[in-house]
Amino acid sequence: MEFAIISTLNGVTYGLLLFMVSAGLTLIFGMMGVLNFAHASFYMLGAYVAYAISPIIGFWAALVIAPLFVGLVGMGVERYLLPRVHKHGHAHELLLTFGLALIIEELIKLFFGDFPVNYQMPAELRFSAFTIFGTDYPFYRLFIGGVAVVMFTTLWLLLTRTRTGIVVRAAERLPHMAEALGHNIPLVFMFVFGTGAALAGLAGAVAGAFYPTNPNMGIELGVIVFVVVVVGGLGSLKGSLLASLLIGLFSSFAVGLDWSLASLLSLVGLGD
Amino acid sequence: MMSFRSVLLLATLLALLLAVPPLLDLAWQNALVNVLIASLFALAFNLLVGQAGLLSFGHAAYFGVGAFAALHLMIAIEDGLAFPTPLVPLAGAVVGLVVGLVAGFFATKRSGVYFALVTLAIAELIHALAPRLEGLFGGESGIGSMRMPFAGIVFGSTIEVYYLTLGWVLFCGLGLYLYTLTPFGRLTLALRDNEQRVRFLGYDAHSSKVIVFAISGMVSGVAGSLLAISNETANYSLFATDVSAQVVLQTFVGGSTVFFGPVIGAAIFALFSFLVSDLTRSWVFYQGLIFVLVMLYAPTGIGGAIQHHIRHRRQLDWPALAAPYAAMLFGGLLVAAGIVFATEMVAVMFGEDYARTREAAGGALIPFELFGATWSPTGPSTYLIPLVLLGAGIAILVKVRRRIDAVWAARGEQGSKTQTLATTGGIQ
Amino acid sequence: MSADTRVRPALKLSGVTKSFGPIEVLKHLDLEIASGERHAVIGPNGAGKSTLFNLISGIFAPSSGEISLNGRSIGGMAPEQINRAGLARSFQITNIFHRLSVFENLRIGVLARFGVRYGLFRPISGMRRINEETEKVLAQVGLESRGHDLAGDLTYSEQRALEIGMTLTTGADVILLDEPTAGMSREETAEAVELIRAVTVGKTLLMVEHDMSVVFSLCDRVSVLVYGSILATDTPQGVSANHAVQEAYLGQEAA
């Protein structure tokens, strides 16, 4: 029972974190057909930027500035780099973002070294939310989930209740029609790309203070996020929310039970 | 079809590959073995990417299983199996083919970015499983074996390994080239262009794609087993994402629309990593930068650019191009120098060594050594030099590009059409 | 039935229904195309002509009913199987291999006809019969001088001719052409009609066509498809004299 409750809590918060990253990826894919290989790098960039600036401006300010910075980087990529390869097809866009992911990872190694950095949550957040079955449950996990929920509520309200949101949704369904109706679709695309990147950056800034912050965090999360968006059906926000929670729960139970594909394989005699 | 001139070129290259290596030292011989292996891997990869239009992000899987298959066979030979050592890559071929058939069956059910993701997932799965499967992949440390003598050849020296590798690479490379001349080779190109139409002409598109995938896996497996023969060891890191990434970088920088393009990319990257990996820790960064620049400004890669020039050699005003091209080279060198300077400076100033010396000096921004000179972190010249190099280089490139475009535009109308077609080549 | 009943029909649809969700696009459709006949399907936009072609050629499977080709049931087969059973189709939107030469475009189909679909062990240049046959089709569609050019470089009407050529290459005896003259000028249309007439000699042709002059000059019989049902099947003259057809379809043009 204890295991089930803790694993469920861990799984849901991790799933919400995954969704913070996969939401941007799937929104961008749905609207523009661009599978952004560098999306998880934005997550890593968010963590490192927050780590670098939080000693100067403080943890809370860094939580705001880091996503903004990452969002600007994303807008720059959408505005200046992607259009150059667009005419060669989606595969070339994928290749370009793949190259960018490589560059971001190497830049981070260059500036911060090829080892984990000590990015910590502030002392005022380091307490246990409650004690369950004699175990202290860290408040920060709930904080990660809380930030995610607040973000999605805001995003959802923006998408459904504002004019811009309606244009974004129109542009997702029928970009040419929306453009013909006089909306500035390139600007909408740039904005969405930037928002998606900023969301990933925020996820990184928040999660980096809890999970290890190292130059591999991008590729490690990236693979999981790709699985999430494929399982969720590329381009579907609801699907990726469901898949994020599912995979979050799955991985937290799998870690807890030390269950793995390899041990399953060894059951059928493929292991050693 | 090959012209007489390209046959002559290839013959010269072959003669050099045969005659020169014995004169080189061990490190160079080893580097050339790696160049050959990378070239074959890139050719196998490009069969899928350039010809069938299927972008795989997980080709390390087939390269890796080839290496392990070869090592298992070598272990068996050590234990007394009568099998000729030069034919060990056959093990890689068979296993690469089988794994390619299975993986290809699933991956080719989708196309475009879905295909890319599925191949990535398959490679990641093997990468995650391999260290746990002790018997097959030897756990974290991997497995190793020795090359056994065969027919009087002991395979003890690097040059013997070199010639063995060269033989296999030429054999497989020729095979892949001949492949393009067969009916199935043409079908592969048709699949890239328009899969739907292929089906309406009576072909089973899915089976065809599985076969292409499996052949690519087979040759990748041969390349992997050549690496295993050369290194006499392998571990699960062969399945890592960066192995898959390397072949993507090499193939596209070399040019995926030209048959020999990937060889150019593989040779350049493999040689450079041999030459500079001791000098800099930022080699992967430079690779990524080169790749992105090629994607942005020359999407058909080096091979595509060369082919483009050869195709238009008669229409072009070469004397008019000479000066701008020289200026472009100069501008490019300035930009490269600026980037390298800035990067290496960052590498030093943010490095651990510098942090330690600073600590010893009480936190002061003390001068550092770079490129045989001493630079002060507070001196303006330290920052001005890379900035000026970059700025001047970019200015030259921008200016010279207009002139080059003008010369190109002055050539016949006919050329421009083939150019747009050539540059839209590649993947679906 | 005006068709000759002694001869087995080349293509026969009986009771074919196709629905997408709740929408019935084709309703219990019966159609018989005699062997050697040139048959047109006309009808207003949205009548289900494209769906009909997609069912026959294997893009969709019928929801119910039977489709048979030369007496053999093909309903629900994959496109490549239907092609091998002897039916080839062209597309309304040009559907060629843009980055291959014109010759290569045609040769892919010829290879399929000669059963060397997956040949891997012989160079293609040595296959004399296949190359001769490809040259023949190339000449048939009047593209001899363009054989070495990339298909993507052809003019629109040349691409349409290549499109027709590709349907011929696999040697199918039932040919489906989807609006072969769409988007052509008057002269180009006239040329295309002559081309179609020439290349379908001895074959069975089913075509979707909007241009009534093309239908009149080319086809033996016409079926009028309205709202997923066949309103009438008759000679072109008979159809244009049919009151129900005039009301439902031709009415707009006659007015």
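1. Contact between chains B and C. In this predicted model, chain B gives 23 residues to the contact and chain C gives 32 residues. Two residues count as in contact if their C-beta atoms, placed from the backbone, lie within 7 Å. On the side of chain B that touches chain C, the elements giving two or more residues are α8 (183–193), α9 (195–200), α10 (205–231) and α18 (413–423) of chain B. The largest share, 7 residues, is from α8(B). Helices (H or I, at least four residues) and strands (E, at least two) are DSSP runs, numbered from the N terminus.

2. Residue classes on that side. The side of chain B that touches chain C has 11 nonpolar residues, with 6 polar and 6 charged ones. Ala, Val, Leu, Ile, Met, Phe, Trp, Tyr, Cys and Pro count as nonpolar; Asp, Glu, Lys and Arg count as charged; the others, Gly among them, count as polar.

3. Basis of the model. This is a predicted model, in which local features need pLDDT of at least 70 and side-chain atom pairs count only at pLDDT 80 or more, while totals for chains, interfaces and linings use all residues. Residues are numbered from 1 along each chain as its sequence is written, and chains are lettered from A and ligands numbered from 1 in the order in which they are written.

4. Domains of chain B. The domain assignment, which is automatic or from a database, gives domain 1 (4–283) and domain 2 (317–410) in chain B. The C-alpha centres of these two domains of chain B are 36 Å apart.

5. The sheet of chain C. Six strands form an open sheet with mixed pairing, in the order β6-β7-β8-β3-β9-β10 (chain C). Its edge strands, each pairing on one side only, are β6 (87–89) and β10 (229–234) of chain C. Strands pair if DSSP finds at least two bridges between them. β6(C) runs parallel to β7 (174–178) of chain C and is joined to it by 3 bridges; Ala88(C) has Ile175(C) in β7(C) as its bridge partner.

6. A helix across the sheet. Helix α1 (49–57) of chain C lies across β3 (38–42), β6, β7, β8 (204–208) and β9 (221–226) of chain C, at about 150 degrees to β7(C). Axes are lines fitted to C-alpha atoms, for helices over the stretch in contact, and angles run from 0 to 180 degrees between N-to-C directions.

7. Chain A. Chain A has 11 helices and 2 strands, arranged from the N terminus as α-α-α-α-β-β-α-α-α-α-α-α-α.
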